[in-house]
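Here is a short note for a colleague opening this structure for the first time. Please keep the view beside you while reading.

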Amino acid sequence: MNFEGLEQYLNIDNTKYNTPSLDALNYYLKQYMLTVPFENIDVQNGVKISVEVEDIYNKVVNHQRGGFCYEMNNFFKAYLEHKGFTVNMVSATIHTPGGGRSLKGSHMSLIVPIDGVDYVSDVGFGDLPLSVMPITEEDNSTIIHDINGDFRAIYVNDNLFYIQKWKEDDWDTQYEAELTPRHIHDFDYNIEYNQTNPNSTFVKRLLVTMPKSYGRATMSQDNLTLTKQQKKEKYDVTSENYRQFLKEEFNLDVKIDRLES
């Protein structure tokens, strides 16, 4: 992969850090998340997803696109390893409203160990802070304060942790993940399911989202939602305005078939 080209695209100063460190990890994660949106437009358009690093590079850098978790985190893992970090890919399961859970392995996250602490370094989930999260014990948790809310990562047992966000006076679990290291092709079934199965949320609905200096921008096939200081502004999405919204909020220039008709 052309790592220099990626750093130029992400506006990363490659002289800023010479060795792996927590500060460097936070810097790389923030630059990535503020540049590359989470989006499932290829799934919506029926375009086959590739998780090969060179293909993702072409999509993200050459075509200024984003992707979903398997693309984004596999790509970020390759970059972090180039910078000298140890990176573990882990299997995660999203918690859904009403106490449900998605298909096991429906999300793939990243863990980076630094000085004996495991840090969640996930750039492929729709709502996470602009900094990594140390996994800690629940009774001594480290809360990450972000413009989009408060987050934490806590151990459930020796091989399971929760990612949680503070909502309505309680900690709401966004996803659970195992600590066992995985390989990208361990997710082949889930990757296929999430881009082809009619029951997959990625097949059912459009999702484009990324953190912004003011909060977060999120677009579905129906609405553009701008979250500013926890207050939401909503705008109807139509075939006439969606390309403008994509460009202004996500720097994307791409057609979405379902919004063209």
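This is a predicted model: local features need pLDDT of at least 70, side-chain atom pairs count only at pLDDT 80 or more; totals for chains, interfaces and linings use all residues.

1. The largest core. The largest nonpolar core has 45 residues. Within this core, Y28, Y70, F76, L80 and F85 touch the most other members. Several elements give two or more residues to this core: helix 1 (3-9), helix 2 (22-33), helix 4 (53-62), helix 5 (69-82) and strand 4 (107-114). In general, nonpolar side chains in soluble globular proteins tend to be buried together.

2. Y28 in detail. Start with this residue when looking at the core. Setting aside residues up to four places away in sequence, Y28 touches I12, Y17, F76, Y79, L80, K83 and F85.

3. Another core lies apart from the largest one. This other core has 17 residues, and M210, L226, V237 and I256 are among them.

4. Helix 6. Which residues are buried in helix 6 (residues 188-196)? They are N190, I191, Y193, N194 and Q195. The buried residues of helix 6 pack against helix 3 (41-45), helix 5 and helix 7 (201-204).

5. Strands 12 and 13. These two strands pair in the antiparallel sense, over 5 bridges. Strand 12 and strand 13 form a hairpin, with 3 residues between them.

6. Strands 13 and 14. Strand 13 also runs antiparallel to strand 14 (residues 231-236), and 6 bridges join them. Here L224 has Y235 of strand 14 as its bridge partner. The hairpin of strand 13 and strand 14 has 2 residues between the strands. In this hairpin, Q229 takes a positive phi near 50°.

7. S220. Look next at the loop between strand 12 (215-219) and strand 13 (223-228), where S220 is found. Is S220 buried or exposed? S220 counts as buried because its relative accessibility is 12%, and the cut-off for buried is under 20%. The side chain of S220 reaches the backbone nitrogen of D222 at 3.0 Å. Leaving aside neighbours within four places in sequence, S220 is in contact with R205, L206 and V237.

Conventions:
Residues are numbered from 1 along each chain as its sequence is written. Side-chain values use heavy atoms; hydrogens and water are left out. Helices (H or I, at least four residues) and strands (E, at least two) are DSSP runs, numbered from the N terminus. Buried means under 20% relative accessible area, exposed over 50%, partly exposed in between (1.4 Å probe, protein chains only). A polar contact is a pair of N or O atoms within 3.5 Å; within protein, one must be able to donate a hydrogen and the other to accept it, and residues adjacent in sequence count only if both atoms are side-chain atoms. Contact means heavy atoms within 4.5 Å. A nonpolar core is a set of buried Ala, Val, Leu, Ile, Met, Phe, Trp, Tyr and Cys residues joined through side-chain atoms within 4.5 Å. Two strands pair if DSSP finds at least two bridges between them.
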